[in-house]
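Look at the model shown here, and keep the sequence at hand while reading.

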Amino acid sequence: MKGIAHFISGVTVASFCPWAIEAAQNGNPSFFILGAVAGLLPDTVDFKFYRFFYHYDVSVEPDPLQLDPQPIADALAAAVSNAAETGRPVRVKLSTIKMSADNWRQYRVRIDSGAGEVRVQFGPVVSTGQVPQPDSLPMNRSVAVAKFSAPVRQSYEPGYTVDIFDGPGFMFKRNENGDVEVDFLPWHRSWSHSLTVGALLAGIASFWTWKAGAVVFGAYVLHVIEDQMGYMGSNWFFPFTEKRVPGFKMMHSGDAFPNFAGVWLCCLLIFWNVYAAIGNPLYHFSFFRFIMTAMVVPFAIFGLIRRLLIRADRRLPEMLSIDWNV
Amino acid sequence: MIFTAAASVLTGTVLSCFLALLPGLHIYNVMGLAALFLYSLHGTGIASMPEVYIPFMIGLVTGWSVLNTIPSVLLGAPDESAIFTVLPGQKYLMTGRGYEGTMMIGAGSLIGIFMLIFLMGPLAPKYLPVVRYVLNPHMHWILWVIITFILMTEWPKGGNRGPAGWRKFFDAWSTLSAGLLTFLLSGVLGFLLLYRTPVSIDNAFQNIMPAFAGLFAVPWCLLNAISGAKVPEQHLCDTLNINGDLLLRSGIAGGIGGGFAAFFPVVTGGIGGLLAGHATAQRDERVFMMSQGVSKVVYYTGALLLFFVPGLYLTRGGGAWIIKGLYAPRTPGDYCLALGSIALSGAVSFLLMSPLTKWTLKLMKKVDYRLISVFSLCIIIALVFSITGWTGLFVMAVGTGIGLIPVLFGSRRLNCLGVLLLPIACNMSGIGEPVAAFLRLL
């Protein structure tokens, strides 16, 4: 899920703790801040600290002036073969192509385990918001293909889009069956996304008070659980386990609707918890009525209006998509 | 009475057209001056009717919140609520599509007006008093959580290349550190202005204005003036490439952001836009721009409308605080008057958007872009000096120094809002005075 969803989830965890609400009513926001920080912390650790110290064996830097996809495909295929032959893990980083302050050249990579090949194709220039810019597709959009011989196992999706900020990294590692496992973003959701680290941080927070520890642990664990809904999964019990548990593949982390619905639900739960903590409230309403009024009915109306608008427009919802042949 | 009110709204709206086109000028400064004028009238024994000046003020705010998109996009002098629209807006400008970009944000503003009239209008009196009752004791931690979000979600822009290690880490953290430093320094400036303001007591209601001008408007004008960017030939389009679905998504994202900002204290349109942008995860640039148009109107005009909601007793935003000194709304009739004024002013402002944008583009053809930036800068300096004197100019200069940090390092300009967020969050949590004492301000 996106950062704000994890963040607000952490705040929601804190709102379920009566001591947090009581402290807040007395002017102490600490538990809510702790919940918020712990909710976002696993990703903060990965994206703002750990990834800068993660070493790669091969770094692929495409030339922005001569868009040739072949070296990229070759480098990835070679990495797979190398990992299979030597048994040593090979870490590869694909760099992004920055065109200007806010524009990036997009390319897509597919590691096709069935066909035993890597395919790469260049796409349009996209903004930092990953929106394709008009008339920016390259003249030649040939697909580069490079073969590898070893069988490959992928826990993530086989296609990867490279565009903004930092490019993706892969670790190719031979397992006991001789297959090469593809570990996408090996620095992400590894040790930082584990219950053990959550427990450790909760233990540290407990030096202040066990209540703080409970909030930290709850928020941290909820982050890991939420991430499990996606594709990549997390390494739940580091250092006792080495690999990530594959996700439930229910959503992509950037999907708009589940993220928004999650954030909205969290806001409502926080509101309810704060309301429930009022001793003798002036206004009375049940949880069912509250959720119906604030979530179910508005979402249903939104869905209906959107459907009608799309139908009135007599075409599919406008998608800013590009055809890919990889 | 209706005709008088309508005439007042229209007068306020037309006046706001000119005010909105003056880059860097905030409508609350003008409203403050108008309030001073009304006070002086009262002092001389001349009473002015609320049915005249309330619609006038609403016309000013509504018209300005719709039309100040024009200088934000075309002249590059944003107020705080527009800092998110400027980047994509300027991209449109630099690709010759400034008119299209402005009108797109204008379409968002119209959606915002619709949301205020048809959504907030009927629902606010029923639900907002409940929301306020429940959340009122919790505003302080909500503010702290928002601050935490702002600080934790800045994305490192560097550190994408080179071997792993500390060099890469420091490269990435240069932007993050600049953001944190900006927030901290702005916060200290905010404490200084709150606890030991150098601005004279006569102009206390404009206390924060020089700092805001320095933090947000001046760095942008300076950058435009020295950058030497050439604005390409601008094309006027007949239609906007948008549809109902995009409008709906923009309305939801912007409405939530602007509504959140309008309802919660100190949370500004920029913050509301940031939160809504993250929450709704909209990637389409058009949705993003239109949603910022929605957010801006809902934030400025919605905050003023909250003041009139029967049974809510909520004063949010500079406009409401200025009117509060003159008049306290009593009946649902006042609420209807406010809604009607917003509807009329919003409609007229939107209709004026296209001709005013075309006129500004014509002006830009004749006058050098850099010259306009210098002119904007002169207006801002003159305004700050006329209201707050040399002291205000000094505060503005300090604000400019802080406001230049994010511009130079590429971090979020929103961090400058530490000037409001930090001292007020501290005060709301009861630690404002100890912090001020630590800073030797007491």
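S59(A) stands opposite K93(A), a residue of strand β2(A). Helices (H or I, at least four residues) and strands (E, at least two) are DSSP runs, numbered from the N terminus. The model is predicted: local features need pLDDT of at least 70, side-chain atom pairs count only at pLDDT 80 or more, and totals for chains, interfaces and linings use all residues. Residues are numbered from 1 along each chain as its sequence is written, while chains are lettered from A and ligands numbered from 1 in the order in which they are written.

Strand β1 (residues 58–60) of chain A pairs with β2(A) in the parallel sense, over three bridges; two strands pair if DSSP finds at least two bridges between them. Between β1(A) and β2(A) the chain passes through helix α4 (residues 70–86) of chain A, and this β-α-β crossover is right-handed. That word applies if, with the strands pointing away from the viewer, the path from the first strand over the helix to the second runs clockwise. β2(A) is also joined by four bridges to strand β9 (residues 169–174) of chain A, and these two run antiparallel. There V90(A) stands opposite F172(A) in β9(A).

Are the faces of β2(A) covered or uncovered? Both are covered: V90(A), V92(A) and L94(A) are buried on one side, and R91(A) and K93(A) on the other. A residue is buried if 20 or more other C-beta atoms lie within 10 Å of its own, exposed if 12 or fewer, and partly exposed in between, with C-beta atoms placed from the backbone.

The domain assignment, which is automatic or from a database, divides chain A into domain 1 (3–51 + 190–250) and domain 2 (55–184). The C-alpha centres of domain 1 and domain 2 of chain A lie 32 Å apart. Four residues of domain 1 of chain A are in contact with four residues of domain 2 of chain A; contact requires that the C-beta atoms, placed from the backbone, lie within 7 Å.

Next come the two chains. Their contact takes 50 residues from chain A and 42 residues from chain B. On the side of chain A, the elements that give two or more residues are α1 (3–15), α2 (18–25), α3 (30–48), α7 (256–276) and α8 (287–312).

In chain B, M209(B) is found in helix α9 (residues 209–227). M209(B) is buried because 23 other C-beta atoms lie within 10 Å. Not counting residues up to four places away in sequence, M209(B) touches N29(B), V384(B), I387(B) and T388(B).

Terms used:
Contact = placed C-beta atoms within 7 Å.
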